[in-house]
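Subject: Handing over the structure

Hello,

I am passing this structure on to you, and I hope you enjoy exploring it. Please take a look at it first, and then read on for what turned up.

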Amino acid sequence: MRTTVGIIGGGPAGLLLARLLDRAGIDCVVLERRTREYVERRQRAGMLEQGTVHALREAGAAERLDAEGLVHQGIELRFDRERHHIDLPALTGGRTVTIYAQTEIVKDLVALQLADGPPLLFGAEVFAVERPESEAPVVRFLRQGREETLICDWVAGCDGFHGISRDAFPAGAGRSYAHEYPYSWLGVLAQVPPSCEELIYARGERGFALHSMRSPSVSRLYLQVPNGTDAGDWPDERIWDELDARFAIDADWTLNRGPITAKSVTVMRSHVHEPMRHGRLLLAGDAAHIVPPTGAKGLNLAVSDVRVLARALTDVCLSGDAQLLDSYSELCLKRVWQATRFSDDMTKMLHTQPNGDAFDHRMQLARLRRITASRHAAAELAANYAGLPLPL
Ligand code: APR
Ligand code: PHB
């Protein structure tokens, strides 16, 4: 097989890139190692910046998002048994965020691509990217037990944090910056209407908790847990009791309980690979960088990379203009580092350190108090949360 752009990975990054390239008239093939059912069921975050919503609209993939997405005007910070509203539009010159699950974005993009888009092969596991420095890199993959080859002009590594694209950079051609946090998140999906209109980020002595949602009838909740936690050790009652304790405030408020339909533990890490390009191999999304989910930046960063990459590949393929492609990595990494910093700040401000002392505690509270006392400090949080300017 031969194609102009070989795309490894059918997550949001790979699928959106395929859609944008197809609309620009550039042929591509997406290779995804999992099944369609698997990628459509995988639970991930769901907070979209305005730029992300705009990019999905531009790609003609926002029909259901526009009908079902929940537009939020703010978030709530909870600490010391108090609640504080962060008014995003008032602090950012009118910006809002939209709650729409990543799994739904994936379903929408898969349906569009299977209907009339470029080839999307499920069960296609890439095991090598060869000669990325050459004019015709080769992608090798296994499908239905057979080894197959895709010869490309360009290869987009959109295969997430556990993918193989990063490994195709020769030794010395790149460098990773990594940080692991000493706690994880236990995430649950519950068939119960959300207990609040906005997302709640709660810091307490028992640890961090987040209340999010998927729809008017489905809540998504998270608890900070120690690394190595087994979700099996958390029966539903224990989860609800712990959430109740962490969200407790002095005002009147009740956490709605309901059947829990999914539980999983996610480790928290930051990882940035520089540069995002080697020869004709380009990384995008989680393949190049991941952030802890406290800032809700992972999906938004993947989408902002892909917008630049689609434009850069279109320029080079249609008119031979490589200027944007040559600055792809630098352009994206500036925003990536800012999102990494913001995610790290939010994470450290809201989680309890396993060995934290009383001083750490006080510092976290002082940071939170500053945000709720100073419009300037709140505006800084809001600008980052709603999304810093896009590279293009
Ligand atoms: N061959 C083919 N496909 C692969 C391979 C491989 N060797 N390795 C991984 N994949 C696929 C995975 O199965 C997955 O479907 O690549 C896809 C990568 O998708 P994501 O992990 O969703 O990454 P990305 O598209 O960059 O989306 C970023 O995902 O993790 C969240 O917080 C993150 O929301 C952000 C978003
Ligand atoms: C989610 O809805 O899953 C979600 C929202 C905000 C976050 C993380 C996860 O910061």
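Let's start at arginine 131, which lies in the loop between β9 (124-130) and β10 (138-143). Helices (H or I, at least four residues) and strands (E, at least two) are DSSP runs, numbered from the N terminus. This is a predicted model, in which local features need pLDDT of at least 70 and side-chain atom pairs count only at pLDDT 80 or more, while totals for chains, interfaces and linings use all residues. Residues are numbered from 1 along each chain as its sequence is written, chains are lettered from A and ligands numbered from 1 in the order in which they are written, and side-chain values use heavy atoms, with hydrogens and water left out.

Most residues other than glycine have a negative phi, and most peptide bonds are trans. Arginine 131 is partly exposed, with a relative accessible area of 48%; buried means under 20% relative accessible area, exposed over 50%, and partly exposed in between (1.4 Å probe, protein chains only).

Arginine 81 also has a positive phi, near 60 degrees. This residue is found in the loop between β5 and β6, and arginine 81 is partly exposed at 46% relative accessible area. The strands β5 and β6 form a hairpin with two residues between them, and aspartate 80 in the turn has a positive phi of about 50 degrees.

There is a cis peptide bond too: it joins glutamate 274 and proline 275, with omega at about -10 degrees. Proline 275 sits in the loop between β16 and β17 (277-278).

**The sheet**

Which strands make up the open sheet, and in what order? Eight strands form it, in the order β6-β5-β13-β14-β15-β12-β16-β19, with mixed pairing. Two strands pair if DSSP finds at least two bridges between them. At the edges are β6 (82-87) and β19 (289-290), each pairing on one side only.

Strands β5 and β6 run antiparallel and are joined by six bridges, and here glutamate 76 stands opposite histidine 85 in β6. Strands β12 (residues 175-190) and β16 (residues 260-274) also run antiparallel, with 13 bridges between them; alanine 178 stands opposite histidine 271 in β16.

Helices lie across the sheet strands as well. Helix α7 (residues 236-247) lies across β5 (74-79), β12, β13 (199-202), β14 (209-215), β15 (218-225) and β16, at about 80 degrees to β15. Helix α11 (residues 375-386) lies across β5, β6 and β13, at about 65 degrees to β6. Axes are lines fitted to C-alpha atoms, for helices over the stretch in contact, and angles run from 0 to 180 degrees between N-to-C directions.

The loop between β12 and β13 holds glutamate 197. At 71% relative accessibility, glutamate 197 counts as exposed. Glutamate 197 touches His72 and Met213, not counting residues up to four places away in sequence; contact means heavy atoms within 4.5 Å. The C-alpha atoms of glutamate 197 and glycine 74 are separated by 9.2 Å, although these residues are 123 residues apart along the chain.

**Helix pairs**

The axes of helix α3 (residues 50-58) and helix α8 (residues 298-319) come within 9 Å and cross at roughly 50 degrees. That makes α3 oblique to α8, since angles under 35 degrees count as roughly parallel, over 145 as roughly antiparallel, 65 to 115 as roughly perpendicular and the rest as oblique. The crossing of α3 and α8 is left-handed (the near helix is turned anticlockwise from the far one by less than a right angle; clockwise would be right-handed). Thr52, Ala55 and Glu58 of α3 make the contact with Asn300, Val303 and Arg307 of α8.

By class, the contact of α3 with α8 has two nonpolar, two polar and two charged residues. Here Ala, Val, Leu, Ile, Met, Phe, Trp, Tyr, Cys and Pro count as nonpolar, Asp, Glu, Lys and Arg as charged, and the others, Gly among them, as polar.

Which residues of α3 are buried? They are Gly51, Thr52, Val53, Ala55 and Leu56. The partners of these buried residues include α1 (12-23), α6 (102-116) and α8. After α3 comes glycine 60, with a positive phi near 70 degrees.

Finally, the axes of helix α9 (residues 323-350) and helix α10 (residues 358-373) come within 8 Å and cross at roughly 115 degrees. Lys348, Met349 and Leu350 in α9 meet Gln364, Arg367, Leu368 and Ile371 in α10.
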